[in-house]
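These are my notebook entries on one structure. I set out the terms as I need them and record what I looked up.

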Amino acid sequence: MLIRRQDKKAIFNIDTCRVLYVAETVGGCFKICADQFEQLGTYKTEERAMEVLHLIAKQSAQCKAVEILCGPVHDGQTQSIALLLAEEIEKMWYTDMPEE
């Protein structure tokens, strides 16, 4: 899955990424970073940064599910069916770490 950086000046391949994380900036904002400290976006609150990180994880899991189910998708109907099934696969592919 590809993600375009917030400033639109770079595209990042999440499939080759080992880690995405939220980090606080010196100015008190929160940024989402990838391997090698590549900054993908900055947000005013940690809560918003975490929401975006979750969105990335969810979208990545759905893309992987479609790939598993269909291989390369060539038509809209196949993709629609795959996306319906993707939610179930997503539950197995992506999970949150427990808080404690």
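The model is a predicted one, so I took local features only at pLDDT of at least 70 and side-chain atom pairs only at pLDDT 80 or more, while totals for chains, interfaces and linings use all residues. Residues are numbered from 1 along each chain as its sequence is written, and side-chain values use heavy atoms, with hydrogens and water left out.

Entry 1. Cysteines.
I looked up C33 and recorded it as buried, because its relative accessible area is 1%. C29 is partly exposed, since its value is 27%. I then searched for disulfides, each defined as a pair of cysteine sulfur atoms within 2.5 Å. The count by this rule is zero.

Entry 2. Chain overview.
I took helices (H or I, at least four residues) and strands (E, at least two) as DSSP runs, numbered from the N terminus. The protein chain has two helices and five strands, and their order from the N terminus is β-β-β-β-β-α-α. Of its 100 residues, 28% count as buried. I noted an accessible surface of about 7,500 Å², 54% of which belongs to carbon and sulfur atoms; areas come from the Shrake-Rupley method with a 1.4 Å probe, and for residues only the protein chains shown count as cover. For contacts I required heavy atoms within 4.5 Å. Among contacts between residues at least 6 apart in sequence, 30% join residues at least 24 apart.

Entry 3. The sheet.
I counted two strands as paired if DSSP finds at least two bridges between them. Three strands make an open antiparallel sheet in the order β3-β4-β5. β3 (20-24) and β5 (38-43) are the edge strands, each with a single partner, so one side of each is left without a neighbour in the sheet. Neighbouring strands here are turned by 30° against each other on average, direction ignored. For such angles, axes are lines fitted to C-alpha atoms, for helices over the stretch in contact, and angles run from 0 to 180 degrees between N-to-C directions.

Entry 4. Pairing on either side of β4.
β3 and β4 pair in the antiparallel sense over five bridges. They form a hairpin with five residues between them, and G28 in the turn has a positive phi of about 90°.
I then followed individual partners. F30 is bridged to Y43 in β5, and K31 stands opposite T42 in β5. I32 has G41 as its bridge partner in β5, and I32 is in turn the β4 partner of V22.

Entry 5. How far is β4 covered?
Four of the five residues of β4 are buried, which makes the strand mostly covered. Helix α1 (residues 46-70) lies across β3, β4 and β5, running at about 30° to β4. I listed the contacts of I32, leaving aside neighbours within four places in sequence: Y21, V22, E38, Q39, L40, G41, Y43, A49, V52, L53 and I56.

Entry 6. The nonpolar core.
I defined a nonpolar core as a set of buried Ala, Val, Leu, Ile, Met, Phe, Trp, Tyr and Cys residues joined through side-chain atoms within 4.5 Å. The largest has 15 residues, and those with the most contacts inside it are I14, C17, L20, I32, A34, L40 and I56. β4, β5 and α1 are the elements giving two or more residues. The largest share, four residues, comes from α1.

K8 is in the loop between β1 (2-4) and β2 (11-13). I recorded K8 as exposed, because its relative accessibility is 56%. Most residues other than glycine have a negative phi. K8, although not glycine, has a positive phi near 65°. The C-alpha atoms of K8 and G41 are 9.9 Å apart, with 33 residues of separation along the chain.
E46 is in helix α1 and is partly exposed, with a relative accessible area of 43%. Its C-alpha atom is 7.7 Å from that of V22, 24 residues away along the chain.

Notes: Buried < 20%, exposed > 50% of the residue type's maximum accessible area, 1.4 Å probe, protein only.
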